Amino acid sequence: MALQLTDAERQTLRGLQRQHRDGPRYVKVTVLLLLDKGRSVPYIADDLGLDPATVYRYAAAYQTQGLASYLAPETQTGGDLTSAQLGRLCRELDAHLYPDCRSIRDWVTATCSVTYSISGLTDLRHRLGYTCNRTTAVPCEAKAAF
């Protein structure tokens, strides 16, 4: 997928890229600049840690909405997490071991004010690359002498 930017658009995007280096807009701007350079979607997705469908969605959104709407803050609608919230969820799942999806759902509801069904959260967890490992009880050995 090729995206052709004008020199003015390219300069504007480079300025935004420097301005939002640690913000949520950085990835969205970088996707457009890399597409403009002729990089392939799989490489962009791999380098930025995105799904290839996200790269296509970003390019289509930019072409249909324009820069202002494309970079507008993401809104939450019915069970959707913003990119920042997804990143926060990934950090939480890396840092803590949850026994089941209900515990994760409670954390998401309390932290992000977004409600998921158990099956929806399971699907989201799988899309993010997290799997469920059931914990099992392991008997411990008692010391013979006291």
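A helix here is a DSSP run of H or I at least four residues long, and helices are numbered from the N terminus. Keep that in mind as you click through this predicted model.

**Stop 1: the whole chain**

Starting at the N terminus, the elements read α-α-α-α-α-α-α-α. Now colour by burial. Of the 146 residues, 30% are buried. Look at the contacts with a separation of 6 or more: 48% of them involve residues 24 or more positions apart.

**Stop 2: Gln17**

Select helix 1, residues 7–19. Gln17 sits in this helix. Is Gln17 buried or exposed? Its relative accessibility is 15%, so Gln17 counts as buried. The cut-off for buried is under 20%. Next, show what Gln17 touches. Leaving out residues up to four places away in sequence, the partners are Tyr26, Val29, Thr30 and Leu33.

**Stop 3: Ala45**

Move on to Ala45, in helix 3. Ala45 has 4% relative accessibility and therefore counts as buried. Which residues does Ala45 touch, not counting those up to four places away in sequence? They are Leu50, Asp51, Pro52 and Val55. Val31 and Ala45 are 14 residues apart in sequence. From C-alpha to C-alpha, they are 8.5 Å apart in space.

**Stop 4: helix 3 against helix 4**

Stay with helix 3, residues 41–48. Two packed helices are described by the angle between their axes and the distance between the axes. For helix 3 and helix 4, the angle is about 110° and the axes are 8 Å apart. Angles of 65 to 115 degrees count as roughly perpendicular. Helix 3 and helix 4 are therefore roughly perpendicular to each other.

Show the side chains where they meet. Helix 3 brings Val41, Ile44 and Ala45. Helix 4 brings Pro52, Val55 and Tyr56. What kinds of residue make up this contact? Six are nonpolar, with no polar and no charged residues.

**Stop 5: three tyrosine rings**

Select Tyr58, Tyr62 and Tyr70. Ring pairs link these three into a cluster. The count of aromatic pairs is two. Take Tyr58 and Tyr70 to begin with. Their ring centres are 6.0 Å apart and their planes stand at 85°, so this pair is edge-to-face. Tyr58 and Tyr70 are both buried.

Now switch to Tyr62 and Tyr70. Here the ring centres are 5.8 Å apart and the planes are at 75°, so this pair is edge-to-face. Tyr62 and Tyr70 are both buried.

**Stop 6: helix 6 against helix 7**

Finish with helix 6 (residues 83–95) and helix 7 (residues 101–112). Their axes lie 11 Å apart, at an angle of about 135°. Helix 6 and helix 7 are therefore oblique to each other. Their crossing is right-handed.

Which residues meet here? On the helix 6 side, pick Gln85, Arg88, Leu89, Glu92 and Leu93. On the helix 7 side, pick Ile104, Trp107, Val108, Thr111 and Cys112. The residues of this contact split into six nonpolar, two polar and two charged.

How values were computed
Residues numbered from 1 in each chain as written. Predicted model: local features only at pLDDT ≥ 70, side-chain atom pairs only at ≥ 80, totals over all residues. Heavy atoms only, no water. Axes fitted to C-alpha atoms, helices over the stretch in contact; angles between N-to-C directions. Helix = DSSP H or I, 4+ residues; strand = E, 2+ residues; numbered from the N terminus. Parallel < 35°, antiparallel > 145°, perpendicular 65-115°, else oblique. Left-handed = near helix turned anticlockwise from the far one by under 90°. Contact = heavy atoms within 4.5 Å. Nonpolar A, V, L, I, M, F, W, Y, C, P; charged D, E, K, R; others polar. Phe/Tyr/Trp six-rings, centres within 6.5 Å; stacked < 30°, edge-to-face > 60°. Buried < 20%, exposed > 50% of the residue type's maximum accessible area, 1.4 Å probe, protein only.
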